[in-house]
Amino acid sequence: MLLKCFKCVFNVRISDEFCLNCGLKKPSEKVIHLNLFSQKPLLLLQISIFCLVFALIINALTPVFNDDNSRNLFILFWTLVFGFVFGISFHYLIISKLNKINIGNRFLFNKENLIDRNKIISKRMTELSLRINKITTVSDRIGISTSQNLQGVQQKLVYAKATLGNQFLRYKLQQSKIEFIRMQNNIFPYLERIQILDEFQTENGLVTTQETIKKLNSIQQELNREFPPEMKSEKEYFLQQLMETTKSCQILCEVLLSKQAFRALQEVRPTENTNLISNSEEISHAAETFNIQTILTDFSESFEKLESEYQRILDESEVSQNLLSF
């Protein structure tokens with residue numbers, strides 16, 4: 001059974017220890033967040049204690065009034081004011097502390113989550129873009145200089161730019177994989193519950209599936225660009241996953257449209273309580289292509305290799321030294 005992650009609404013199962021998207025521990029369980037008026041007996045006890053304390057303090061510090069009633073009213077008024085204010089404040093501090101302990105114990109994150117890795121990828125792509133732009137600027141300034149020394153520098157700049165450009169494309173591919181995993185996660189609930197979807201869920205599933213097909217096609221078009229030779233096998237494998245998922249989404253669209261057609265026919269002429277899902281094998285195969293854990297494992301391996309490669313590129317001997325050794 002699929003549920004929504006409490007923090008990021010990613011589709012998770014009850015058995016999932018961590019959310020794949022945000023890394024939250026026990027993502028299907030809600031966090032109990034105490035508010036100011038939680039634990040009312042404790043709140044009343046704290047206010048009462050502070051009232052007693054301030055009553056004794058004010059009684060000891062206030063001068064003796066000619067009118068005992070005035071003095072008593074004075075003590076009572078300020079006792080209630082200070083007791084209430086300090087009681088509420090102290091209770092708020094306790095509740096805040098309890099929430100921090102609760103959230104601290106509950107919000108234990110798995111660092112290998114899609115959100116954090118996507119942030120790393122975006123950061124890396126920004127850094128690479130800035131470095132590529134700097135190299136381009138210097139290269140344009142050198143132009144077609146006849147200086148032999150500058151021509152040597154120009155060659156190093158071209159090499160460095162190509163190295164960084166290839167790395168940028170590899171991060172771009174990983175970014176597309178994250179988007180792909182999230183799209184599959186959005187579709188899977190409709191595929192899993194295909195037999196029991198109501199009219200509203202069927203319409204939502206149809207819209208979501210059609211939008212997903214468009215996004216999948218868009219990613220496939222982006223992969224048509226030139227990639228480094230060492231990325232060829234990874235790119236081809238990812239393209240195959242995209243095409244299989246696209247086909248599964250098309251099958252799902254047909255099924256959802258069939259369910260809508262069946263309901264429409266029922267309104268005109270009552271029919272037997274059967275649906276128009278004629279090919280259960282196709283649906284089963286479609287569900288098999290939505291193996292998010294397998295795709296995530298493939299992504300994790302690619303990401304770790306890419307991070308290692310990025311650190312290597314940052315080494316002085318790989319790029320920086322080439323730029324500085326004029």
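Predicted model: local features only at pLDDT ≥ 70, side-chain atom pairs only at ≥ 80, totals over all residues.
H4 supplies the largest share of the lining of the largest cavity, namely 4 residues. Two packed helices are described by the angle between their axes and the distance between the axes.

**The cavity**

- The count comes to 1 cavity of 30 Å³ or more, and the space in the largest cavity is about 50 Å³.
- The residues that line the largest cavity are Leu169, Lys172, Leu173, Ser176, Ile219, Glu222, Leu223, Arg225 and Phe227, while the elements that give two or more residues to this lining are H4 and H5.
- Sorted by class, the lining of the largest cavity holds 5 nonpolar residues, 1 polar residue and 3 charged residues.

**H4 against H5**

- Helix H4, which covers residues 148-192, packs against helix H5, which covers residues 199-222, at an angle of about 160 degrees, and the axes of the two helices are 10 Å apart.
- Angles over 145 degrees count as roughly antiparallel, and H4 and H5 are therefore roughly antiparallel to each other.
- The crossing that H4 makes with H5 is left-handed.
- On the H4 side, the contact is made by Lys172, Ser176, Glu179, Phe180, Met183, Asn186, Ile187 and Tyr190, and on the H5 side by Gln201, Asn204, Gly205, Thr208, Thr209, Thr212, Lys215, Leu216, Ile219 and Glu222.
- In the contact of H4 with H5, the classes are represented by 6 nonpolar, 8 polar and 4 charged residues.
- Lys172, Ser176, Ile219 and Glu222 take part in the contact between H4 and H5, and these residues are also among those that line the largest cavity.

**H3 against H4**

- Helix H3, which covers residues 114-142, packs against H4 at an angle of about 155 degrees, with 9 Å between the two axes.
- That angle makes H3 roughly antiparallel to H4, and the crossing of H3 and H4 is left-handed.
- The contact of H3 with H4 is made up of 18 nonpolar, 10 polar and 6 charged residues.

Technical notes
Residues numbered from 1 in each chain as written. Heavy atoms only, no water. Axes fitted to C-alpha atoms, helices over the stretch in contact; angles between N-to-C directions. Parallel < 35°, antiparallel > 145°, perpendicular 65-115°, else oblique. Left-handed = near helix turned anticlockwise from the far one by under 90°. Contact = heavy atoms within 4.5 Å. Nonpolar A, V, L, I, M, F, W, Y, C, P; charged D, E, K, R; others polar. 1 Å grid on protein atoms, 1.4 Å probe; cavity = no way out; pocket = protein on both sides within 12 Å on 5 of 7 lines; lining within 4 Å. Points joined across faces, edges and corners; volume = space filled by probe spheres on them.
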